[in-house]
Amino acid sequence: MRNRRHNPAWFASLALLVFRVPAPGASPPSVVVVASPGVEAHRLAIEGIHAGLAASSPEIRMVDLAQLRGEPAAGARLVTPGSRVIIAVGSEALELVAAERPGVPVISIMVLNRSST
């Protein structure tokens, strides 16, 4: 297995964004991760997200990319009360999340650059 490094500054920034003090009676903060868990690279990214956020103990809600394909109302299921951020793993996840125009910040990881020819 390859040596994986977790960028502490990235996780610290995410923690500040996600875990600002909630209003009294508000839902507990959650992070939504949209990925394809059947893809090994995505599984490794998900493990890294869990490891990086373990000290903060947020609810991490996984959304399988396969479930979002072809479903017109995906956005309503992505953002639930308490959702503070969506992490889109991969280009397809980013496209589906962006199309829903969620009202929370979106962090994209593992997105390939398209050549502009």
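Predicted model: local features only at pLDDT ≥ 70, side-chain atom pairs only at ≥ 80, totals over all residues.
Residues are numbered from 1 along each chain as its sequence is written, and side-chain values use heavy atoms, with hydrogens and water left out.

The protein has five helices and four strands; helices (H or I, at least four residues) and strands (E, at least two) are DSSP runs numbered from the N terminus. Read from the N terminus, the order of elements is α-β-α-β-α-α-β-α-β. Of the 117 residues in the protein, 33% are buried. Here buried denotes under 20% relative accessible area, exposed over 50%, and partly exposed in between, with a 1.4 Å probe and protein chains only. Among contacts with a separation of 6 or more, 60% are accounted for by residues 24 or more positions apart, a contact being heavy atoms within 4.5 Å.

The four strands form an open sheet with the order 2-1-3-4 and parallel pairing. Strand 2 (59-64) and strand 4 stand at the edges with a single partner strand each, so one side of each has no neighbour in the sheet. On average, neighbouring strands are turned by 20 degrees against each other, direction ignored. Axes are lines fitted to C-alpha atoms, for helices over the stretch in contact, and angles run from 0 to 180 degrees between N-to-C directions. Strands count as paired if DSSP finds at least two bridges between them. Strand 1 and strand 3 run parallel and are joined by five bridges; Val 34 has Ala 88, in strand 3, as its bridge partner. Strand 3 also pairs with strand 4 in the parallel sense, over four bridges, and Ile 87 has Ile 107 of strand 4 as its bridge partner. Strand 4 has a covered face, made of Ile 107 and Ile 109, and an uncovered one, made of Val 106 and Ser 108.

Helix 2 lies across strand 1, strand 2, strand 3 and strand 4, and runs at about 170 degrees to strand 1. Helix 5 lies across strand 1, strand 3 and strand 4, at about 140 degrees to strand 3. The buried residues of helix 2 are His 42, Ala 45, Ile 46, Gly 48, Ile 49 and Leu 53. Viewed down the helix axis, these buried residues fall within an arc of 160 degrees, so they line one face of helix 2; the arc is that of the directions from the helix axis to the C-beta atoms.

The largest nonpolar core has 13 residues, and those with the most contacts inside it are Val 31, Val 33, Ile 49, Ile 87, Val 89 and Ile 109. Such a core is a set of buried Ala, Val, Leu, Ile, Met, Phe, Trp, Tyr and Cys residues joined through side-chain atoms within 4.5 Å. Two or more residues each come from strand 1 (30-35), helix 2 (40-53), strand 3 (83-89) and strand 4 (106-109), and helix 2 gives the largest share, four residues. A second, separate core of 11 residues includes Val 34, Ala 88, Val 97 and Val 104.

Individual residues illustrate these arrangements. Residues up to four places away in sequence not being counted, Val 89 touches Val 33, Val 34, Ala 35, His 42, Ala 45, Ile 109 and Met 110. His 42 of helix 2 is buried at 11% relative accessibility. In strand 2 lies Ile 60, which is buried with a relative accessible area of 18%. Leaving aside neighbours within four places in sequence, Ile 60 is in contact with Val 31, Val 33, Ile 49, His 50 and Leu 53. His 50 belongs to helix 2 and is partly exposed at 37% relative accessibility; the C-alpha atoms of His 50 and Ile 60, 10 residues apart along the chain, are separated by 7.7 Å. In helix 5 (residues 91-100) lies Glu 95, which is partly exposed, with a relative accessible area of 44%.
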